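Please walk through this structure with the sequence and the coordinates open side by side.

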Amino acid sequence: MQFPADFLWGTATSAYQTEGYNTNSDWWYWEKGKYPKSKRKAFIGETSGMACDSYNRYEEDFNFAKNMNNNAIRFSIEWARIEPRKGEWDQTEVEHYKKVIKAAKERGLKTFVTLHHFTKPIWFSKLGGWLNPFAPKWFANYAKKCAEEYSDYIDFFITLNEPQVYSLQAYWRATWTPKIKCKLFALISQLTQIKAHKKAYTAIKFVDNSAKVGLSKHIVRYERVTNDRGKASICTKLVCKVLHYLTTNFFLDPIKKHLDFIGLNYYFTAWMKNFKEKNPEMESSDLGWILYPEGLKHILLNLKKYNLPIYITEHGLADAWDQKRQWYINESLKFVYEAMESGVDVRGYLHWSLIDNFEWHIGFWPKFGLIEIDREHNLTRKPRPSFYMYSQICRTGKVE
Ligand code: BGC
């Protein structure tokens, strides 16, 4: 299967998960036990600390991406570094990110730059974060600043990463700060981010009308559990329909006129039997997530209706021993190719992740990297076998 010559092949990371010492971010504040005060909401687990020290080692990381024959890369800017206090820009940090983005460009990498990947400035969270009706305005102000400073070097702006995942983790499951279990808040947080994306889109376009602006949307594939005769119950069918609507249309429909492309993050498929998840015995990752490459094709076919270019901005697995990664990448790409043959406009694939990194409340043990980070030995970067396999695909554009 030969992918088009201009297909983008790359890898993805985020700032908080790799940079280290993001001391003005709300997650850091939470890790340090400063917020919120109640014990029930306190941070438990591994803290991010120096992470992968990519704040200082970004050139080394980009060299690896280049040596892997990547022609694109995704990373994020930490909002809290640029705007540590409301309305105040830290010019040193603004310049730092200019150097980072330019370093990627100098290595021939198209840049997908995420403006917000889960973490926020402390001041923003203290004002209620995505529950505050003024949040879209504050976010758009920051997006405008980024466009003014960086639009010459950013090929693709990604406003938000997985807004629904954030809302559910913070307000539904209450595993992430501010850990408030409230379904109404989970909904408000999503609605505010819909507005925030639209406002940020307009703000970026105001500065640079030719900028390409999208967002990264996590989409889960829902399959029906069927009986021996291959039939699913009416309830199962209905549940799948509703879940499909919530994971796709609910967020994308209201913003479709404010999107130049769709960034798709795909990690798993869930099998539903009535209201319960009943997954079959299947290959899974170190985190127990089912590895179902075909799910990617179904999601891509569903996204065709938006008539927009699609970039897969995340796809990967936790696999410390690198036993399943090669198979998973290869099989998934075959399904991407099939979706393209059916007319879906997929233009790039960015594997999560370039390097092992801080997997949020779970800490450092899940290993998502094509490159291992040896935490015992000075965070040495060590390419895994799958690095070489993927580098071959990136070079030839061919999947067998
Ligand atoms: C997030 C990443 C995360 C990855 C693996 C995505 O939902 O954007 O930050 O590391 O999944 O869990």
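Where is proline 178 found? Proline 178 sits in the loop between helix 8 and helix 9; helices are DSSP runs of H or I with at least four residues, strands are runs of E with at least two, and both are numbered from the N terminus. The peptide bond from threonine 177 to proline 178 is cis, with omega near 10 degrees.

The model is predicted, so local features need pLDDT of at least 70 and side-chain atom pairs count only at pLDDT 80 or more, while totals for chains, interfaces and linings use all residues. Residues are numbered from 1 along each chain as its sequence is written, and side-chain values use heavy atoms, with hydrogens and water left out.

Helix 8 (residues 163-171) and helix 9 pack with their axes 9 Å apart, at an angle of about 155 degrees. Axes here are lines fitted to C-alpha atoms, for helices over the stretch in contact, and angles run from 0 to 180 degrees between N-to-C directions. Helix 8 and helix 9 are therefore roughly antiparallel (angles under 35 degrees count as roughly parallel, over 145 as roughly antiparallel, 65 to 115 as roughly perpendicular, and the rest as oblique). Pro163, Gln164, Tyr166, Ser167, Leu168 and Tyr171 of helix 8 make the contact with Lys183, Phe185, Ala186, Ser189, Gln190 and Gln193 of helix 9, contact meaning heavy atoms within 4.5 Å. By class, this contact has six nonpolar, five polar and one charged residues (Ala, Val, Leu, Ile, Met, Phe, Trp, Tyr, Cys and Pro count as nonpolar, Asp, Glu, Lys and Arg as charged, and the others, Gly among them, as polar).

Helix 9 (residues 183-207) also packs with helix 7, at about 30 degrees and with the axes 8 Å apart. Helix 7 and helix 9 are therefore roughly parallel to each other, and their crossing is right-handed. Twelve nonpolar, one polar and five charged residues make up the contact of helix 7 with helix 9. Among them are Phe139, Ala140 and Ala143 in helix 7, and Ala196, Ala200 and Ala203 in helix 9.

Helix 7 (residues 135-150) has a contact with helix 5 (residues 91-106) as well: their axes come within 10 Å and cross at roughly 55 degrees. These two helices are therefore oblique to each other, and the crossing is right-handed. Gln91, Glu93, Val94, Tyr97, Lys98 and Ile101 in helix 5 meet Lys145, Glu149 and Tyr150 in helix 7. The residues of this contact divide into four nonpolar, one polar and four charged.

Next, the ligand. Residues around the ligand include Gln17, His117, Asn161, Glu162, Tyr267, Glu314, Trp352 and Trp360, where near means that a heavy atom of the residue lies within 4 Å. Histidine 117 places a polar side-chain atom 2.9 Å from an oxygen atom of the ligand, and glutamate 314 likewise has a polar side-chain atom 2.9 Å from a ligand oxygen atom. For tryptophan 360, an N or O atom in the side chain is 3.0 Å from an oxygen atom of the ligand. A polar contact is a pair of N or O atoms within 3.5 Å; within protein, one must be able to donate a hydrogen and the other to accept it, and residues adjacent in sequence count only if both atoms are side-chain atoms.

Tryptophan 352 also takes part in a cis peptide bond, to serine 353, with omega near 15 degrees. Serine 353 lies in the loop between strand 11 (346-352) and strand 12 (371-374).

Technical notes. Left-handed = near helix turned anticlockwise from the far one by under 90°.
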